[in-house]
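Trainee: I am new to this one. Could you walk me through a few of its features?

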Amino acid sequence: MHPMSWLNERLGVGATVRGFLDRPVPANIGWLNTLGSATLFLIIVQIVTGIALALFYVPSADHAYASVQNIDALRFGALVRGIHHWSASALVVLIGLHVLRVFFQAAYKYPREVTWVVGAALFAVVLGFAFTGYLLPWDQKAYWATVVGTNVAGSAPIVGSVVIDLLRGGPALTTESLTRFYGIHVWVLPAVLLIGVAIHLFAVIRQGIAAAPRRTPLVADVPGESQRDRYAREYAAEKHDGHPFYLSLLKDAVVSAVILAVVVALALAVGAPLEAQANPNAVGYVPRPEWYFLDMFQLLWYVSGPAEPLVIFLIGSIGFLVFLLVPFIDRGRKRHPRQRPIATALGTASVLGVLLLTAQGAMAPVASTDVAATVNASTLTVAQQAGLKVFQVQGCAACHRLAGQGGTAGPDLTSVASRLSAAQIQQQITSPRDKMPPYADLAPGDMSNLLDFLSTRK
Ligand code: HEC
């Protein structure tokens with residue numbers, strides 16, 4: 001007996017699978033429609049290479065870096081890590097392009113609203129993977145970019161200190177933070193991702209692939225017809241002229257194969273970077289975020305002043321909410337980009353804005369946070385020098401300028417002692433007035449050294 005019919009006799013899914021592959025899809029769908037399946041393909045690549053890496057990776061500050069070096073020394077180890085690294089970037093690009101295709105073709109309109117909302121949430125999940133995965137190699141770049149990244153998250157109003165506690169497990173980046181990042185990266189986010197992808201695919205299969213928008217609809221209006229009936233008639237007409245689904249699958253396979261070839265080529269030619277092991281004392285290190293976070297970094301740089309965290313938080317959450325709810329905001333029937341001038345203009349402006357911010361972020365000189373390079377250490381006592389080190393190690397300079405170095409998210413501390421008493425500074429550090437993350441868990445010795453150092457800043 002044919003093995004397929006043996007299996008079919010037991011499972012009875014032959015007809016379903018055949019129906020799935022043979023069902024008609026609209027004729028006018030093209031190469032742009034392969035972006036979604038290419039995204040799915042890269043997610044599968046990430047799962048497979050990620051599981052392989054997890055078999056060798058040790059999520060502890062003492063061993064993480066050595067275990068990554070060990071992976072690179074294994075046969076195919078560097079290749080697998082390289083694929084995981086480059087495929088992560090490719091995934092961000094492809095999910096972005098997929099979103100743009102769906103947006104400009106207004107494929108999120110009735111009856112595909114749920115597909116969009118779940119897809120938009122998946123976009124955020126992918127960025128979460130990127131953020132948490134970045135720390136895992138535990139090299140300098142990973143460490144210092146995450147210090148800055150978690151500081152930014154920590155400056156959000158109300159939820160900031162909770163977020164920072166949740167992510168770091170304490171005020172500084174330690175083994176505990178690494179374990180959290182790892183747990184989120186390999187357990188929490190994959191679970192959310194798989195559920196989201198399942199719902200997204202179910203909705204795609206149930207509603208069928210949206211036809212590309214036409215300026216003149218395929219069917220004429222019938223007066224008094226409901227939107228639902230009209231859509232059903234139009235989609236049936238699109239499918240009537242269509243072709244079987246497996247023909248589009250061939251296109252999908254071609255695109256996925258090309259993407260895999262590019263990712264493997266990058267993994268072989270460039271590989272995954274690994275800098276020196278993370279050193280919390282190497283405070284001169286100037287962190288740079290991965291390219292897909294450069295736009296947010298740049299935005300942060302533009303909005304400064306006391307309202308900064310609030311502005312960032314508002315822009316961020318309103319922006320994401322609008323993105324999530326696009327199908328309920330743009331509700332008209334028209335789908336062609338030229339017949340939706342406002343949506344098309346806003347979409348184009350957002351794309352240009354992100355590209356511009358990313359380019360500026362990539363070219364901007366980064367503020368050095370090496371305060372020790374400009375403070376005259378010879379005038380400091382031993383305790384004050386230790387305090388300077390605490391200032392650096394705790395990442396205070398990421399938000400505060402001191403002696404011409406450091407960030408601008410918080411006030412300049414160059415002459416903080418002329419404004420505030422030691423008690424007031426301590427009060428600010430343990431329970432900040434407003435946007436600053438609290439450092440309630442500083443060791444008493446570190447705290448007194450830090451206060452001693454800051455008392456010299458008159
Ligand atoms: C995420 C950014 C951020 C980090 C990191 C940060 N601060 Fe702040 N800090 C602020 C902001 C914003 C303010 C303004 C008041 C507020 O929002 O609490 C501030 C205020 C202060 C003030 C009061 C200054 C004044 O003139 O009123 C002191 C002192 C201070 N920070 C010290 C520190 C020290 C010491 C550290 C490191 C242990 C640190 N900060 C880390 C953002 C930060």
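**Salt bridges, a helix face and a buried arginine**

Mentor: Let's begin with a pair: E225 and R233 join their side chains in a salt bridge (2.8 Å, N to O); the term stands for a side-chain nitrogen of Lys or Arg within 4 Å of a carboxyl oxygen of Asp or Glu. This is a predicted model, where local features need pLDDT of at least 70 and side-chain atom pairs count only at pLDDT 80 or more, while totals for chains, interfaces and linings use all residues. Residues are numbered from 1 along each chain as its sequence is written, and side-chain values use heavy atoms, with hydrogens and water left out.

Trainee: Are E225 and R233 buried or partly exposed?

Mentor: Buried means under 20% relative accessible area, exposed over 50%, and partly exposed in between (1.4 Å probe, protein chains only). E225 is partly exposed at 25%, and R233 is partly exposed at 30%. Elsewhere, salt bridges with shared partners link D221, R230, E234 and R333 into one network. Within it, D221 and R230 have their closest N and O atoms 2.7 Å apart, and R230 is buried at 5% relative accessibility.

Trainee: How many salt bridges are found in the whole structure?

Mentor: Side chains of opposite charge can pair when their charged atoms come close. Here the search finds 10 salt bridges. One of them joins E238 to R214 (2.7 Å, N to O). E238 sits in helix 10 (residues 227-240) and R214 in the loop between helix 9 and helix 10, so this pair ties together parts 24 residues apart in sequence. Helices here are DSSP runs (H or I, at least four residues), numbered from the N terminus.

Trainee: Which residues of helix 4 are buried?

Mentor: An α-helix has 3.6 residues a turn, so residues three or four places apart point the same way. In helix 4 (residues 64-73), the buried residues are A64, Y65, S67, V68 and I71. They fall within an arc of 165 degrees seen down the axis, so they line one face of the helix; the arc is that of the directions from the helix axis to the C-beta atoms. Their cover includes helix 3 (35-54), helix 5 (77-104) and helix 9 (175-207).

Trainee: What does the side chain of R168 reach?

Mentor: R168, in helix 8 (residues 160-168), is buried yet has no salt bridge, and the nearest side chain of opposite charge, D165, is 8.2 Å away. The R168 side chain does reach the backbone oxygen of V147 at 3.2 Å.

Notes: Helices (H or I, at least four residues) and strands (E, at least two) are DSSP runs, numbered from the N terminus. Contact means heavy atoms within 4.5 Å. Lys and Arg count as positive and Asp and Glu as negative; His and the chain ends are not counted. A polar contact is a pair of N or O atoms within 3.5 Å; within protein, one must be able to donate a hydrogen and the other to accept it, and residues adjacent in sequence count only if both atoms are side-chain atoms.
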